Amino acid sequence: MNDFTKSYEANVDQNYSELGKEKEKDPDTWGNVEYGGEILNIYTNPRVIHDLFTIIAETCVPDKDDMFIGADLGGAEGTVANVVQGQLRENGYSNAHVINYELLEKNLALMESKFPELLGVQADLKDLPLNGSTIDFAILRYVLPYLDKEGQKQVIRNAYSALKERGRLVILQDGGFKKEDGELYNQFFAESSSAQSGISLDQVSHNRQFISAEEICEIAEEAGFEVEQANDLSPIFKGCLSPEAYASRFNMTEQQMHSLQAVYKRWKESGRLEFSDNPNNPVNIRVKRPTIYLVLRKLSPRDAMNNPS
Ligand SMILES: C[S@@+](CC[C@H](N)C(=O)[O-])C[C@H]1O[C@@H](n2cnc3c(N)ncnc32)[C@H](O)[C@@H]1O
């Protein structure tokens with residue numbers, strides 16, 4: 001974990017498992033999205049987690065009595081692992097376990113107190129302590145941007161090795177679908193994050209890489225995955241980022257809030273990203289939060305022969 005991430009996370013006022021709870025219906029709350037006509041939190045809402053992860057997990061183990069091993073890679077305090085494991089068990093997968101592989105001890109300690117049923121392993125995903133082909137299903141939710149390009153490749157390759165044949169990896173994060181949109185989002189994130197945190201622009205840009213869906217597909221196919229789904233979910237999970245959304249998650253001084261608002265105004269005027277106005281609050285400016293979603297399947301040698309790319 002690099003110094004940037006440590007200082008960025010040290011500023012955080014709310015854990016992932018708490019997101020959206022206090023201000024469930026407020027679009028300017030971190031991670032809140034409009035989905036199916038309702039405002040829900042993309043990090044914590046069980047329906048969202050079901051539709052994005054549990055549904056895919058269930059396709060990985062056809063017999064409900066079989067042992068099911070899932071891995072939440074970089075699962076923080078285990079929010080998604082807890083919901084997916086619970087939903088699988090409710091749906092009859094009585095031997096389902098979703099293990100959280102997380103770098104930070106403080107997150108694993110929080111997991112132990114919040115979700116004592118869950119298993120956690122302290123691990124660096126770049127050096128995953130898993131013997132080959134032992135996992136049925138893996139999740140990478142909002143983790144790849146924390147790694148540099150080489151680290152991202154390494155983590156996708158490691159997930160590939162850890163999965164059983166025909167196992168699936170599901171990736172969800174913000175970022176552009178196309179490479180050029182990804183670059184633009186990276187630039188905007190670096191400027192807004194630097195304003196919000198006081199960390200230099202240089203440091204932020206070196207430490208957050210919002211890899212695009214197109215680039216993930218390239219790396220995944222190189223690693224041996226078949227890309228079953230690569231979707232821009234932005235029209236389905238309509239979410240935004242705004243200075244107020246930052247303030248709902250991070251401790252910010254008044255000065256940092258002003259700098260952040262100035263970045264938003266400048267980008268809105270430049271017309272380079274899609275903004276929407278909030279009629280209830282003229283000071284508030286919202287930018288569309290792009291969400292990408294990928295389902296990758298580890299090919300068996302026979303599938304690979306029938307499916308040469
Ligand atoms: C934005 S959080 C997402 C947490 C969780 N996946 C979720 O969606 O609720 C990123 C997580 O990735 C973890 N992480 C970052 N780099 C890691 C690495 N190299 N190995 C393991 N975990 C890592 C961080 O500690 C943090 O918990």
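Start by selecting Pro-46, Ile-49, His-50, Phe-53, Thr-54 and Ala-57 in α2, which meet Val-80, Val-83, Val-84, Gln-87 and Leu-88 in α3; contact here means C-beta atoms, placed from the backbone, within 7 Å. This set divides into eight nonpolar, three polar and no charged residues. Nonpolar covers Ala, Val, Leu, Ile, Met, Phe, Trp, Tyr, Cys and Pro, charged covers Asp, Glu, Lys and Arg, and the others, Gly among them, are polar. Before you move on, note that this is a predicted model: local features need pLDDT of at least 70, side-chain atom pairs count only at pLDDT 80 or more, and totals for chains, interfaces and linings use all residues. Residues are numbered from 1 along each chain as its sequence is written.

Now show the whole of α2 (residues 46–58) and α3 (residues 79–90): their axes come within 9 Å and cross at roughly 65°. Helices (H or I, at least four residues) and strands (E, at least two) are DSSP runs, numbered from the N terminus. Axes are lines fitted to C-alpha atoms, for helices over the stretch in contact, with angles from 0 to 180 degrees between N-to-C directions. The crossing of α2 and α3 is right-handed.

Next, select α5 (residues 149–162) along with α8; here the axes come within 9 Å and cross at roughly 45°. α5 passes α8 in a right-handed crossing too. To see the contact, pick Gln-152, Lys-153, Ile-156, Arg-157 and Tyr-160 of α5, then Ile-219, Ala-220 and Ala-223 of α8. That contact divides into five nonpolar, one polar and two charged residues.

Stay on α8 (residues 213–223) and click Glu-222. Draw a distance from its C-alpha to that of Asp-66, 156 residues apart along the chain, and you get 31 Å.

Two backbone spots come next. Most residues other than glycine have a negative phi. Ser-133, in the loop between β5 (120–122) and β6 (135–141), has a positive phi of about 55°. Arg-166, in strand β7 (residues 163–174), has a phi near 70°.

Finish at the ligand. Of the 18 residues around it, Gly-74, Ala-76, Leu-103, Leu-125 and Arg-141 come nearest; a residue is near if its C-beta atom, placed from the backbone, lies within 6 Å. The shell divides into 10 nonpolar, four polar and four charged residues.

Conventions. A crossing is left-handed if the near helix is turned anticlockwise from the far one by less than a right angle, and right-handed if clockwise. Two residues are in contact if their C-beta atoms, placed from the backbone, lie within 7 Å.
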